[in-house]
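Below are some notes for a colleague who is opening this model without having seen it before. Please read them beside the sequence and the structure.

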Amino acid sequence: MKYNEYKDLNYAQLEADILEFWEENQIFEKSISSREGKKTFTFYEGPPSANGMPGIHHVMARTIKDIFCRYKTLKGFQVKRKAGWDTHGLPVELKVEQQLGITKDDIGKKISVEDYNKECRKTVMQFTDIWSKLTQKMGYWVDMGNPYITYHNDYIETVWYLLKKLHEKDWLYKGYTIQPFSPKAGTGLSSHELNMPGAYKDVTDTSIVAQFKVKRSERSEFLFENNDEDVRILAWTTTPWTLPSNCALAVGEKITYVKVKTFNAYTHQPISVILAKDLISKHFSDKAKDLKLEDYKKEDKLIPFEVVQEFKGSDITEVRYEQLMPYVTNEELEKNAFRVIPGDFVTTADGTGVVHTASVFGADDYRVAQQNNVPPVLVKDEEGNNVPLVDRQGKFVKEVTDFAGLYVKAEYEENPEAVPEYKSTDVLISIKLKTDNKAFKVEKYKHSYPHCWRTDKPILYYPLDSWFIRTTAAKDKLVQLNHTINWKPESTGTGRFGNWLENLVDWNLSRQRYWGIPLPIWRTEDGKEEECIGSVYELYEAVEKSIKAGLMQENPVGEFENIKEVKTDDDGSTLLSADVISAYFKRKNFDLHRPYVDDIVLVSPNGKPMYREQDLIDVWFDSGAMPYAQLHYPFQNKDMIDERDEFPADFISEGVDQTRGWFFTLHAIAGMLFDSVAFKNVVSTGLVLDAEGRKMSKRLGNAVDPFETMDAHGADTTRWYMISNANPWDNLKFDIEGVKEVSRRFFGTLKNTYSFFATYANLDEFDYSQTEVPVAQRPEIDRWILSKLNTLIKQVDGFYDDFEPTKAARAIQTFTMDDLSNWYVRLNRNRFWKTKLNDDKVAAYQTLYTCLETILKLASPVMPFMSEALFLDLNKVSGRDQSESIHLTTFPEVNEDIIDTDLERRMTLAQKLSSLTHSLRKTAKGNKGIRVRQPLQKIIVPAVDATTQSQIEAVKDLILAETNIKDIEFIGDNSDIVVKSIKPNFKVLGKKYGKDMKKVQGIVNAFNKDEIATIDSTGTLSKDGFDFVAEDVVIVSEVKEGHSVASDPDEALTVILDETITEDLRKEGIARDFVNRVQNLRKDAGMEVTDKIGIVFNSTDELVKDALKTHHDYISTETQALSLADQANIEGGETLEIEEFTLTVKIEVLANVENN
RNA sequence: GAGCUUGUAGCUCAGUUGGUUAGAGCGCUACACUGAUAAUGUAGAGGUCCGCGGUUCAAAUCCGCGCAGGCUCACCA
């Protein structure tokens, strides 16, 4: 059997073949089943949301996941990895609405909730195909056959169970807050969603400095000079649409305010305005400061102003003003609103130092209004509920007559361009205020404003009823548990995540949507009684009670059959036996989604009807519940969690953007309910940017299609590039050129090395059936590469274990390219050409085979395809490993006995000396250089210690062969061409002398020849009051000027080249050149390596003739020539030039060994 | 505005507990080598280690203040 030889390697094709092989032979399944009963390594897959196309960054994230799962499998662990789909939530709903051409308003009108959710369910999985393809193509092993799906009833049941646990601890409560609300999406947004990258955007809004007219009263009297004075308080806002809802003005009690006499820029009326002293310059031009009020004409651009009064904020609190936009008012408002109140958050960084307060549209506003007993501006809707002046679509209600039905932000308009002379509400309000003498200044203002991550539209702060998880109650525990997690990189855990935990706020769980997990809480209308349902069976029983009470006719939850006993677990939850549960869920006869659960009315302990709270829960809770819900805990697989088999995870990995997302929700639920971390190790990956470092986005058109990339260059090379280029937690500037480079350099080298092996092993029919040549009996260079190999195993194992894939990949790459290919193989080529398969050749094959096989195993977590292909190729012939696949093997074990640091140093010396010699050849003969084919007599290595000398002696042959030199001569450091210089060893002396270092440095540098000799030989010397010992100084031997030398500073190695070319050397050089030319002729003629040839030549030069005659045997062997003859007239010969000589040569094939 | 993070050659990145000539690969230039050949070797050019200050005998490395990029947070009027 032959080793597979690759001519043109097509990575994509190779990968497709391997995928087929995995598929057919169920290799992934076996990688788990073959580890049955072994220690488990638990991995959680963060569920991708099944509603978008995968991008190249998913390849990154999944490569990391895959690497460690594969690594741990090789290390003998059983690594189950269940895929999952995040199926609920807004993205899906928006997609459906887009597909059906409806908006949220239409739900329940044009389309029933039932049909709507059916659509969602259908849509949700429409991307799974493409995701499965990506998963497969990139070689990510995860169990796609049996994924957890968040909309399944069993998943929901576990979530309900968890919510009930929180409810029991009083960690689930209903509250009223001002929250970010997305009118376009029709839902409140959690802080997580506001944290989505790009949520905060710089936008330019119309900002208005409004004039609030002060009412005269005892409190405000001091502000008025006379009866006619028009005194206005200036307040700035970037949200003009909140002005009709203004209910108060907040000032800083300690801030200094001033009254300024001036004119209104739009109406030109004289006014007096109040603002913070610090901000005068922002609103009045410095150039106008000398203008007189009485000179003002309305055409003037510069408006004069005069500061006439100064006072503290506390002096004007409780001052009342006229409602700015009096659309809605009532007795309560007239009594308690429209006054100046103190606000601790007021600053003079911006605006006027007076904050316009609309309590229903700002969290701070709400708080400060409450504290000061300022009522909100509200109206009654059709059902008689109090609602704000802006409805949930973001439109003004009818009471705001001038703007009724208008969107408060232009961005909500479907198609504003279509409206002739469209003006945004902001602008309309500005115009109105200007006309009414209520606007002091209107201008565009650029600031950062939060946007809805899905609709891309600005959010509003809006009053909403919500359910919260009291995460603040568990803050200390969560912080504490976080310290036990191994974060990669550490700073994400301690810094980013740690700070987030320190500043934790309660988790807003409510979503006003349709497609998601319903909050399992039923309440009486007065809100005094409520029940949280923790399982389907509990719901079933509750409905039964309700039927008895006459509130329900029948039980939609379905039947539970064969209930023998109902257990109650420690905290009161009812648990049925697993078979009852599984029988029930197999039937799937009731859907726990809306609208079905909404139809259920339960009965309260006091006999009142209880209705379900309408909210759905935050989808982040879905995914945070994944460790338990994927197992349908505790209804099934209870032990897996309780006995800590599949919990917590040993390892998870997601993008750093999940810090406040999945990482947090996992952590919060595990900490609050299971008193445990949810994961022990976490790798948070950075962003994948484009080659210029910009974020990839569809809009910019710079998104990289993972399929295209992998089709063109292969998944392995893409994976390797991503891992080896930079640490996964650093942002990756994805450059396709980098992928190509990896492909060309590393993969090319690996392939070449394999091909080299395969070519010759096939010729020799080497199948590793020969007895293993003991390592100790192999040549020095074999033992060297094996030593390096074992060092590599140790390193790589450590790197993987530390979750440092980049270091692992780089180490493998360096070994493969530098040590194995460019040194071992290059230096040993002739061992493989030898005709006979003797011990030495077998050792060479075995060594190279071992290296290849080991590299493949080490690299297989990162490059699963290529490693598999080459492993199978090797193993198919040798049958050395019983494993069916490289991914079913075990990780190479380091053999410490083979690691020989002394040998590694010897080889380093050989490499350095060779390199130095090459560089000397280059500059020899006055920079003309002496080509390597020209043999030279010797190199001289001066002044090395005895150990180094003996080490060099040991690798002498290698150096000589590599550099085409005949001999190495060592000369002692007492030779007269060597001079010694000395310099201080800063590290040692610095510790000893500290401040005196400068002085000591001077003394050491001033050592004369004798002093250097003394400390070199005796090891001690005293000078200028300092005692030096050998380790205090570094003595370097250098060659005197006038010699051509090269030296290596690290090793204190110096080489001198003997440039003399004797006639013998000259002839030998000619012979080697001749061989080279003949080889080229062979190649040009397309001859096989095994062809035997005859050579005839003709030269007029005696030296050439002589050279070829002298080296007849050498030439014959090298060129596989059976004859080499001097012949006068050669027909059809080639003219060759060697140095200054010309000769004619002709070669012909005489025989082919293989054909004989 | 705050937290975290990054800043080293044209590009992508190393650089250990601070130690005196700051490295690699790619790219570029030149030369060489050539039965692994779309490979390889040698050399060259290329650096304000983001800036400024400080600590220290000694700073790419430690500290402070800035600048620039990235991510995240923030009720910001």
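**Notes on the predicted model**

1. In strand β25, Y611 is the bridge partner of R523. Strand β20 (residues 521-524) and strand β25 (residues 609-612) run antiparallel and are joined by 3 bridges, where helices (H or I, at least four residues) and strands (E, at least two) are DSSP runs numbered from the N terminus. These strands belong to an open sheet of 4 strands, in the order β21-β20-β25-β24 with antiparallel pairing, two strands being paired if DSSP finds at least two bridges between them. Because β21 (530-532) and β24 stand at the edges with a single partner strand each, one side of each has no neighbour in the sheet.

2. As to how the description was made, this is a predicted model, in which local features need pLDDT of at least 70 and side-chain atom pairs count only at pLDDT 80 or more, while totals for chains, interfaces and linings use all residues. Residues are numbered from 1 along each chain as its sequence is written, chains are lettered from A and ligands numbered from 1 in the order in which they are written, and side-chain values use heavy atoms, with hydrogens and water left out.

3. D591 lies in the loop between α17 (578-587) and β24 (602-603). Its side chain makes polar contacts (N or O atoms within 3.5 Å; within protein, one able to donate a hydrogen and the other to accept it, and residues adjacent in sequence counting only if both atoms are side-chain atoms) with the side chain of R121, at 2.8 Å, and with the side chain of H593, at 2.8 Å.

4. The largest nonpolar core has 131 residues, and those with the most contacts inside it are Y3, W720, F757 and Y800. Such a core is a set of buried Ala, Val, Leu, Ile, Met, Phe, Trp, Tyr and Cys residues joined through side-chain atoms within 4.5 Å. Apart from it lies another core, of 82 residues, including Y148 and F585.

5. The loop between α24 (736-764) and α25 (780-801) holds E765 and also Y768. Phi is positive in both residues, near 50 degrees in E765 and near 65 degrees in Y768. E765 is exposed, with a relative accessible area of 61%, whereas Y768 is buried, at 7%; buried means under 20% relative accessible area, exposed over 50%, and partly exposed in between (1.4 Å probe, protein chains only).

6. Two cis peptide bonds deserve a look: the one from Y633 to P634 has omega near -10 degrees, and the one from F647 to P648 has omega near -10 degrees.
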